[in-house]
Amino acid sequence: MLDLRDPPHLPLIAPSILSADFARLGEDAGHILSVGADLLHLDVMDGHFAPNLTMGPALCGCVRNALPDAFLDVHLMVRDPGMFVEPFATSGANHMTFHAEVLIPDHCIDLAATVRQLGMTAGLAINPQTPIEPLAGLLPHFDMILVMSVQPGFSGQAFMPEVLCKTRAVRALLRPNQRLEMDGGITPTNIAGVRDAGCDVIVAATAIFGQPKALRAGVVNALRRP
Ligand code: DX5
Ligand code: ZN
């Protein structure tokens, strides 16, 4: 099983199943792994932190049962992430990211410890408008930092290039064994800037699942080797 803390840091391609066919989820998710994707990204929204409802622990458990070897990266866009850590852990999540905007810093550190106690790696996400400077002291406590390049809520939004400057600043603060993930609006056209800013985990929903199956391997390769 993949471990986000392991070197070498080749870029990992993380299709977001938010744009998969939910009626054929096991097949769609299995296919994208079979053509070269490294892990699956699960976008969880509660209708409060983000204006959408997407998926919960039961769906995560179904993906785990269908794909026992898949690495499942759960991105909690919810107002109360502590409520969901254990349910997703017991549903087979390997990694859990929650948002800095919903907790005070001490609680972020405590929740990261809880995530690890339950056998997962821990991630901290920030929205496009959230500055990094006040959060710098939190970064050492996480295995991965996620910089949003769209406002949380929906796949298919336009990439926000203004986040790249902040992303470079985040990379400069990370240890070599910490990952930097970017999520939102990423395509083969803008991936070079994302990689150049130091990102090594690349989330994409529309760019991958918006293509016919026969073209998806090409997109995964284009995202990995711009
Ligand atoms: C946005 C989600 C993203 C999004 C990515 O709220 O966190 O993962 O679904 O979708 P695309 O790649 O279509 O922007
Ligand atoms: Zn996401």
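In the predicted model, a salt bridge joins the side chains of aspartate 196 and arginine 168, with an N to O distance of 3.7 Å. Aspartate 196 belongs to helix α6 (residues 191–196) and arginine 168 to helix α5 (residues 163–173), so the contact ties together parts that are 28 residues apart in sequence. Aspartate 196 is exposed, at 57% relative accessibility, whereas arginine 168 is partly exposed, with a relative accessible area of 40%. Elsewhere, Arg171, Arg179 and Asp200 are joined into one network by salt bridges that share partners.

The search of the whole structure returned nine salt bridges. Among them is the pair formed by glutamate 27 and lysine 213, whose side chains meet at 2.9 Å, N to O. This pair links distant parts of the chain: glutamate 27 is in helix α1 (residues 25–34) and lysine 213 is in helix α8 (residues 213–224), 186 residues apart. Glutamate 27 has a relative accessible area of 47% and is therefore classed as partly exposed, the range for that class lying between 20% and 50%. Lysine 213 is also partly exposed, with 32% relative accessibility.

The relative accessibility of aspartate 38 is 27%, which counts as partly exposed. Arginine 224 has a relative accessible area of 16% and is classed as buried because this value is under 20%.

The zinc ion (ligand 2) has four protein donors: His41 through NE2, Asp43 through OD, His75 through ND1 and Asp183 through OD. These donors lie 1.9 to 2.2 Å from the zinc ion. Along the chain, the donors follow the spacing H-x1-D-x31-H-x107-D. Histidine 41, in strand β2, and aspartate 183, in strand β7 (residues 179–183), are 142 residues apart, and the pair links distant parts of the chain. Histidine 41 is buried, at 0% relative accessibility. Aspartate 183 is likewise buried, with a relative accessible area of 8%.

Note on methods. Residues are numbered from 1 along each chain as its sequence is written. Chains are lettered from A and ligands numbered from 1 in the order in which they are written. This is a predicted model: local features need pLDDT of at least 70, side-chain atom pairs count only at pLDDT 80 or more; totals for chains, interfaces and linings use all residues. Side-chain values use heavy atoms; hydrogens and water are left out. A salt bridge is a side-chain nitrogen of Lys or Arg within 4 Å of a carboxyl oxygen of Asp or Glu. Helices (H or I, at least four residues) and strands (E, at least two) are DSSP runs, numbered from the N terminus. Buried means under 20% relative accessible area, exposed over 50%, partly exposed in between (1.4 Å probe, protein chains only). Donors are N, O and S atoms within 2.8 Å of the metal (3.2 Å for Na, K and Ca); water is not among the atoms, so sites may look incomplete.
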